[in-house]
Amino acid sequence: MNSERKRNSKVILFLCNGVEEYEASVFTDAFGWTTTYGLEPIQLTTVGFHQRIKCAWNFTIEPECLLDEIDIEEFDALVIPGGMSRAGFYDDAYDPRLLAWIKDFDAKGKVVASVCVGALPIAKVVC
């Protein structure tokens, strides 16, 4: 048996204003169950530009950390759920700071994933 213990994977769930809360919940649910019953725990950290995120359907959530409070070098993956333009999603999704993160993760061969229109800022950087 290998006595060396692998560290937990660490994933950023980036929450833009205007995020569709259901799309974000898919990640929290999947990683939550993986951590509870899976072979490799995954630490999911919610991050945003704002202390309170206004979601697409009149719902407000609070990310655990603001963008400038974390060191992205500690993370293995970045996931971006989609959102609604009328709720301000693209203001955050196309913010140069998030685009720089996407570019950094991609350049280092780290996982960058999305749901729905969360793919558009990724495409803006890597295509």
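Begin by selecting helix 3 (residues 96-107) and helix 4 (residues 119-126), which pack at an angle of about 65 degrees with their axes 9 Å apart; the axes are lines fitted to C-alpha atoms over the stretch in contact, and angles run from 0 to 180 degrees between N-to-C directions. Helices (H or I, at least four residues) and strands (E, at least two) are DSSP runs, numbered from the N terminus. This is a predicted model, in which local features need pLDDT of at least 70 and side-chain atom pairs count only at pLDDT 80 or more, while totals for chains, interfaces and linings use all residues. Residues are numbered from 1 along each chain as its sequence is written, and side-chain values use heavy atoms, with hydrogens and water left out.

Next, show the side chains between the two helices, where L99, I102, K103 and D106 of helix 3 meet P121, I122, K124, V125 and V126 of helix 4, contact meaning heavy atoms within 4.5 Å.

Now select P96, which is located in helix 3 and counts as exposed at 62% relative accessibility (exposed means over 50% relative accessible area, buried under 20%, partly exposed in between, with a 1.4 Å probe and protein chains only).

Then turn to the sheet, an open one in which five strands follow the order 5-2-1-6-7 with parallel pairing; two strands pair if DSSP finds at least two bridges between them. Strand 5 (65-66) and strand 7 (111-114) stand at the edges, each with a single partner strand, so one side of each has no neighbour in the sheet. Finally, select I80, which stands opposite S114 in strand 7.
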